[in-house]
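I opened this model to look up how its parts touch. My notes follow the structure.

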There are 2 protein chains.
Amino acid sequence: MFEEFRKYLGYRINISESAFGEVIKLMVLKKACKHETLLKAGETYHKGYFVLKGCIRSYCISNGKEFVMQFAPEHWWMGDKNTLAKPGPALLNIDALEDSWVLQFGPDFLEKMERIAPEFRYMMQDIQQNNYRAMQERVINLLGLNADEKYTQFIKTYPGLANRVPLQMIASYIGVTPQTLSRVRAKVYAPVL
Amino acid sequence: MFEEFRKYLGYRINISESAFGEVIKLMVLKKACKHETLLKAGETYHKGYFVLKGCIRSYCISNGKEFVMQFAPEHWWMGDKNTLAKPGPALLNIDALEDSWVLQFGPDFLEKMERIAPEFRYMMQDIQQNNYRAMQERVINLLGLNADEKYTQFIKTYPGLANRVPLQMIASYIGVTPQTLSRVRAKVYAPVL
DNA sequence: CGTGGAGTTGAATACGATCAACACCGGTGG
DNA sequence: CCACCGGTGTTGATCGTATTCAACTCCACG
């Protein structure tokens with residue numbers, strides 16, 4: 001299972017076996033069953049995840065409504081960036097959409113990891129940068145696209161996920177009702193005449 | 001003019017006069033006239049700003065449409081976070097909404113600043129954290145609020161700005177047409193009966 | 001076998017967009 | 001000084017997209 005994480009790192013940076021060994025000592029391998037909660041909003045001990053297998057998602061509750069913030073299939077990082085550096089109660093909930101294997105880490109993981117090898121710092125900086133950009137693009141999509149376009153955009157952002165996660169959650173993520181998304185699908189994937 | 005920046009820092013961290021002196025050596029005081037462009041999308045030399053007086057805004061063009069990403073009145077930081085750490089062409093445009101005084105800094109400002117005093121690092125980390133959270137809240141607002149609520153939310157996010165920046169830009173920021181926003185205003189600020 | 005959640009589909013509704021006309025103001029030039 | 005112009009915001013009427021309400025199907029699961 002750890003091999004999967006080793007491979008992921010290998011694609012991005014060059015680190016020694018010993019450095020790798022030190023990093024995984026900071027993480028806990030964990031199996032999360034479908035529907036299992038990995039982080040509850042309000043918890044003060046901040047946990048983050050790297051997904052080895054399966055798929056998890058983060059969401060928050062606002063005005064009684066549930067909003068999906070992010071999906072994380074294999075090789076995605078997931079965490080509540082709000083409480084990453086700053087202590088405080090988590091704002092997000094995280095749970096598993098499928099039976100999954102994840103690496104869990106604690107609040108000081110990033111800091112410690114960076115101390116092991118400088119490459120980690122650059123890698124994580126890069127990831128956070130991408131994350132920020134993705135967020136910005138999401139805002140632009142929400143501002144400028146109609147239901148059809150939003151869905152098309154979603155497919156680009158999360159290749160392969162459209163038929164893997166529940167329609168409702170995709171609807172929540174892109175900001176349309178499940179009914180509307182269902183109709184969009186029927187239209188876009190219209191029977192080839 | 002620099003005194004303004006000194007005051008801002010004083011509220012947040014304790015630093016020596018010499019450290020302050022070193023920091024402002026990394027910045028350029030600049031006057032930006034109304035409508036003046038401070039950063040053009042595509043530019044590779046990344047510039048960031050701290051607003052001393054006046055108000056600037058960032059926006060991007062997507063599908064020929066203009067989307068306001070952020071406003072920055074006095075004491076706000078502004079920059080294209082996409083290209084902050086990673087080099088590359090800027091995605092955002094920045095221009096002045098009023099005659100403004102700003103402190104401009106270059107791509108390596110943050111790094112250098114952090115080396116002067118560790119307090120700066122914590123301060124900037126805090127600011128970036130807040131920024132991220134604000135972005136997340138914006139997504140939730142776009143997903144869950146109607147025109148009225150979005151405007152009310154805007155007023156909370158940017159106190160005092162509602163009657164300071166053009167209506168069109170607020171409309172662009174919250175994702176409604178100028179006409180709709182005009183009607184919302186007429187309704188919300190309805191003549192007290 | 002039966003139940004409940006998830007997805008689909010139809011019909012009615014509502015909210016915001018669009019099209020259009022007009023008022024208002026600041027700036028420019030005659 | 002006034003006339004003109006363009007940009008900005010307001011308001012009305014119409015239109016279209018997505019929401020809402022509702023009924024029904026289809027599985028997954030106990």
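I began with the contact between the domains: 11 residues of domain 1 of chain A touch 11 residues of domain 2 of chain A. I count two residues as in contact if their C-beta atoms, placed from the backbone, lie within 7 Å. The model is predicted, so local features need pLDDT of at least 70, side-chain atom pairs count only at pLDDT 80 or more, and totals for chains, interfaces and linings use all residues. Residues are numbered from 1 along each chain as its sequence is written, and chains are lettered from A and ligands numbered from 1 in the order in which they are written.

I noted the bounds, 2–144 for domain 1 and 145–193 for domain 2 of chain A; such bounds come from an automatic or database domain assignment. The centres of the two domains of chain A, taken over C-alpha atoms, are 25 Å apart.

Which element gives the largest share of the side of domain 1 of chain A that touches domain 2 of chain A? I found S5(A), with 5 residues. Strand S4 (55–62), strand S5 (65–73) and helix H4 (118–144) of chain A each supply at least two residues of that side. Helices (H or I, at least four residues) and strands (E, at least two) are DSSP runs, numbered from the N terminus.

I then turned to two helices. H6 (residues 167–174) and H7 (residues 178–188) of chain A pack at about 105 degrees, with axes 9 Å apart. H6(A) and H7(A) are therefore roughly perpendicular, a term for angles of 65 to 115 degrees. Leu167(A), Gln168(A), Ile170(A) and Ala171(A) of H6(A) meet Pro178(A), Leu181(A) and Ser182(A) of H7(A).

Key:
Axes fitted to C-alpha atoms, helices over the stretch in contact; angles between N-to-C directions. Parallel < 35°, antiparallel > 145°, perpendicular 65-115°, else oblique.
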